[in-house]
Amino acid sequence: QPAFPDKYKPEEGVTEAEVVRDVLALHGLARKLRAARHDQGSVAINQVKVGFALDQESGLPTDIFAYQQREANRLVEEFMLLANTSVA
């Protein structure tokens with residue numbers, strides 16, 4: 001397991017192992033929440049999102065690419081949905 005870069009080091013008193021444990025626990029919970037939503041009939045919209053590489057000087061687009069959604073994105077998305085439904 002790679003070490004955290006300095007800018008992502010956990011705050012003092014928290015170990016990397018604790019952070020990993022907690023993120024994996026959140027991941028498991030997010031997967032259960034997602035499964036429950038799908039079981040209740042939610043619709044999954046899996047559209048391709050695109051991004052653009054911009055020229056640093058002109059700011060004009062120089063390339064286009066498909067945005068790759070990672071499991072971390074899905075984890076955050078799931079808890080955002082939970083927060084929104086909790087306050088609705």
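User: On what basis are residues and values given?

Analyst: Residues are numbered from 1 along each chain as its sequence is written, and side-chain values use heavy atoms, with hydrogens and water left out. The model is predicted, local features need pLDDT of at least 70, side-chain atom pairs count only at pLDDT 80 or more, and totals for chains, interfaces and linings use all residues.

User: At what angle do H1 and H2 pack?

Analyst: Helices are DSSP runs of H or I, at least four residues, numbered from the N terminus. Axes are lines fitted to C-alpha atoms over the stretch in contact (heavy atoms within 4.5 Å), and angles run from 0 to 180 degrees between N-to-C directions. For H1 (residues 16–39) and H2 (residues 71–87), the axes lie 9 Å apart and the angle is about 65°.

User: Which residues of H2 meet H1?

Analyst: From H1 come Val 23, Leu 26, His 27, Leu 29, Ala 30, Arg 31, Leu 33, Arg 34 and Arg 37. Their partners in H2 are Glu 71, Arg 74, Leu 75, Glu 78, Phe 79, Leu 81 and Leu 82.

User: How far apart are the end C-alpha atoms of H1?

Analyst: The expected span is 1.5 Å times one less than the number of residues. The 24 residues of H1 should therefore span 34 Å. In agreement with this, the end C-alpha atoms are 35 Å apart.

User: Which residue with positive phi follows H1?

Analyst: The phi in question is near 95°. The residue that follows H1 with this value is Gly 41.

User: Which helix gives the most to the lining of the largest pocket?

Analyst: H1 and H2 each supply at least two residues of this lining. The greatest contribution, four residues, comes from H2.
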